[in-house]
Amino acid sequence: MSKSRNTEQPLSVTKSWKAALYIRLSREDGDNRESYSVTSQREILTQYLKQHPDIELYDIYIDDGYSGTNFDRPGFQRMMDDVYAGNVDCVIVKDLSRFGRNYTETGKYLDDIFIRFKIRFIALNNGYDSFAGNMNSATQCVTLGVTNVINESLAATTSVNIRGTLDASRKKGEFIGAFATYGYKKDPNDRHKLIIDEEPAEVVRMIFNMFIEGKSVIGITRELNSLGIMNPTDYKHSQGLNYRANSNIGDKGVWCDQTVRRILKNEMYIGNMVQGKNTNMSYKIKKCVAVPKEDWIIVEGTHEPIIDKELFYKAQGLFNSNTKIIKGTNEIDKFAGLVKCADCHRAMGKKTNEFDYGTYVYYRCVTATKISKDACTTHSIRYDKLEEAVYVTLRTLIDMALDIERFVYEVEQKTEKQQKINLYQRTKDQIAGEIEKLKKHAMSLYPDWKEGILSKEEYTSLKADINEKIEALEQKIKGVEEKENDVLNKDIRKNEFIKHFCEYADIGELTRPMLVELVDSIYVHRGGSITINFKFKDAFEEALKYLEDLRRKSGKEAGLIA
C-alpha cells in the first residue's frame, strides 16, 4: 500500500476534518471496564463531534478485547490504512490509554507518523488536541509524555495483578481457558468447570485403547485419518467455536502425531486440572512460550475422568520404553523396550535372518559390535523360545494369583472377618431401628402440643432432646461403618499383585498390554537363560504373607505351592 501522501499542504484552522473515532477495550482495564465500555466510548466521542461541526465522521474503529501494550490490533491497523490512504486526517480517542499503553510505540505514532502525515490527534479526557493553539507548548508535550509513561506503568501493574488473579483461580482448580480440552466442554452452569463431551471423549478412549493394544502413535494417527474422524480443530469449528490451531496441519483437518501424543500424555483425562503450561514473554510481547513442567499448576480430581488412572499410567509406561515399530506394520513389537542384556544391561537388538528353510528371529546383545568388543560378549536368544518361556512363567503367576484369591475368599467366609462383617451389619440395623422409634416419637409430640397436652416450652424441649439422641445414634452408625470399611478394605482382591495378574485369567497368548502391565524387564544371560523382573513384587510378598497368616489361623492348607 502506498504511503506517498502529499505532506506539503499547510494546516488550516478553517478546514473540515475527516475523523476516525478509535475505541479500545481489554481485560487489562479491570474495574474500569464499565466506564471504558465500547458503548460509553462511542457516546462520548460522537457527542464531541456534534459540538464540533468542523469535524465530520469518516469511520469508527473498534478493538474489543485487545491489549493496549502493542499495536497489533485489527481495528487500529484498519484505521492506519485509511490514514496512509489520505481518507483520515484526524484521530479522536476518549483518552490516551485507549490509543496505547506502550510508551515507546505510542510516542512513535504521536511524535513521528502523525506529525509527518499532518494528522490531528485528540485525547478528550487528557485535554489534548494537537491542533490547538498551544500545540507546540513544551508543557503539553511533557504532560503527554508523562501520561504515556503512566499508562505503560499501569499496563505492567495490571498485567501482574491479572496474572496473579488467574493463578489463584488455577490453584483452586477453576478452568480459565478460552476453549475446553478436547473431550470436554464447559459446564453451561459454570464456565470454570468442565464436563465430558461424549462424542470426542469416545475418540480419546479409542486412542488410549489402541495405544495400549500395541498400535504406534503414527499408526493411531493413520487410523484416525482413514476413518474420517474430525480432528480437535475441526470438531471445535463444528460446534461453532472460533478456534485456531497452533499448527497449520490442525487447520487442514488432518490428525497429526503431535496431537495424538499430546492426548496420550494429558493428565486432564484422569480428572486433574492442568493449567499454566504456557505464558506470554511479557505484558508487551504476547509471544507464547512453554513453562517448565515442574511449574505447571495441577489440581487433582476437579472433573469427571474420561480415562481411568490405571490405563493412563500404563500408557505413560509405554512412552518410557524403547518402542520400535515392526517393519511394514503400524504395530509395536510386544517385547520392545523390555529385553536387556544381563551383563551390560543395555537393550538387546531384534534381528531377522532369512534362510531357504525359513526365517530365524532372535534378540542379541549388540554392545560389542556398536561400542567396543571388550564392552560385552555376544549372546542371544531365539524369539520363539523367549516368547514361550515368558508366557509359561506369566501363566504360572496368573494361576497362582487366582488360587490365592479363591482360597482366601473361601476361608474368609467362615472366619472372623465374615463374623465381624455380620456383627457390624446387625449393629447398624439395631441402631437404625432405634432411630426410627425416636422419629415416630417426635412426630407424636406435635398433636399433643396442638391439643394442649404439652405446652410450647415442653414440646420444644422434648423435640430438641429427641433430635440430640438421633444425632448421637447417627454418629454411632458412622463409627460402625468406619470399622466395617477397615475390614472390607483388607479384601485380597484389592492387592495389586492379585488385581493385575487375575485380570489376565482368560488370556491364551502373550500380548503387548499384558507384558507392559506385568513385566518390568527381561534379562538374557549367556547360554540363553533369562531372568524376568515382574512388577508388584511387594504386593506379591504381602499376598503370600496374608495367605500364610490365614492358613495358620484356619488350619486349612491352600491348594497351591507358594
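Start by colouring the chain by pLDDT. This is a predicted model, and the mean pLDDT of the protein chain is 79, with 78% of its residues at 70 or more. Over residues 6-13 pLDDT stays under 50, and the model has ten contacts beyond four places in sequence for them. Residues 557-562 also stay under 50, and there the model has 13 such contacts.

**Stop one: the largest nonpolar core**

Now select Phe-335, Val-390, Leu-394 and Phe-501: of the 40 residues in the largest nonpolar core, these touch the most other members. Which elements supply at least two residues each to this core? They are β12 (339-341), α13 (383-412), α16 (496-502), α17 (512-518), β16 (519-524), β17 and α18. Helix α13 gives the most, with eleven residues. In soluble globular proteins, nonpolar side chains tend to be buried together.

Zoom in on Val-390 and show what surrounds it. Leaving aside residues up to four places away in sequence, Val-390 touches Phe-335, Leu-510, Leu-515, Ile-522, Ile-530 and Ile-532. Apart from this core lies another, of 36 residues, and Val-203, Ile-212, Met-273 and Val-299 are among them.

**Stop two: a buried charge**

Head over to strand β2 (residues 55-64) and pick out Asp-63. Does a salt bridge go with this buried residue, or is there none? There is none: the nearest side chain of opposite charge, Arg-73, is 4.7 Å away, and a salt bridge has to be within 4 Å. Look at Gly-75 instead, where the backbone nitrogen lies 2.7 Å from a polar atom of the Asp-63 side chain.

**Stop three: helix α7**

Next, select residues 217-226, which make up helix α7. Which of its residues are buried? Val-217, Gly-219, Ile-220, Thr-221 and Leu-224 are. Then step just past the end of α7 to Gly-228, which takes a positive phi of about 75°.

Most residues other than glycine have a negative phi. Two residues on this tour go the other way. Select Lys-118 in the loop between α4 (103-116) and β4 (120-123): this residue is not a glycine, yet has a positive phi of about 50°. Lys-118 counts as partly exposed, at 30% relative accessibility.

Then jump to Phe-536, in the loop between β17 (530-534) and α18 (537-554). How exposed is Phe-536? With a relative accessible area of 22%, Phe-536 is partly exposed. The phi of Phe-536 is near 65°, a positive value in a residue other than glycine.

**Last stop: out on the surface**

Finish in helix α14 (residues 416-450) by selecting Lys-437. Is Lys-437 buried or exposed? Lys-437 is exposed, with a relative accessible area of 65%. Select Ile-470 as well and draw a line between the two C-alpha atoms: Lys-437 and Ile-470 are 33 residues apart in sequence, and 9.7 Å apart in space.

Note on methods:
Residues are numbered from 1 along each chain as its sequence is written. This is a predicted model: local features need pLDDT of at least 70, side-chain atom pairs count only at pLDDT 80 or more; totals for chains, interfaces and linings use all residues. Side-chain values use heavy atoms; hydrogens and water are left out. Helices (H or I, at least four residues) and strands (E, at least two) are DSSP runs, numbered from the N terminus. Buried means under 20% relative accessible area, exposed over 50%, partly exposed in between (1.4 Å probe, protein chains only). Lys and Arg count as positive and Asp and Glu as negative; His and the chain ends are not counted. A polar contact is a pair of N or O atoms within 3.5 Å; within protein, one must be able to donate a hydrogen and the other to accept it, and residues adjacent in sequence count only if both atoms are side-chain atoms. pLDDT is the predictor's confidence in each residue, from 0 to 100. Contact means heavy atoms within 4.5 Å. A nonpolar core is a set of buried Ala, Val, Leu, Ile, Met, Phe, Trp, Tyr and Cys residues joined through side-chain atoms within 4.5 Å.
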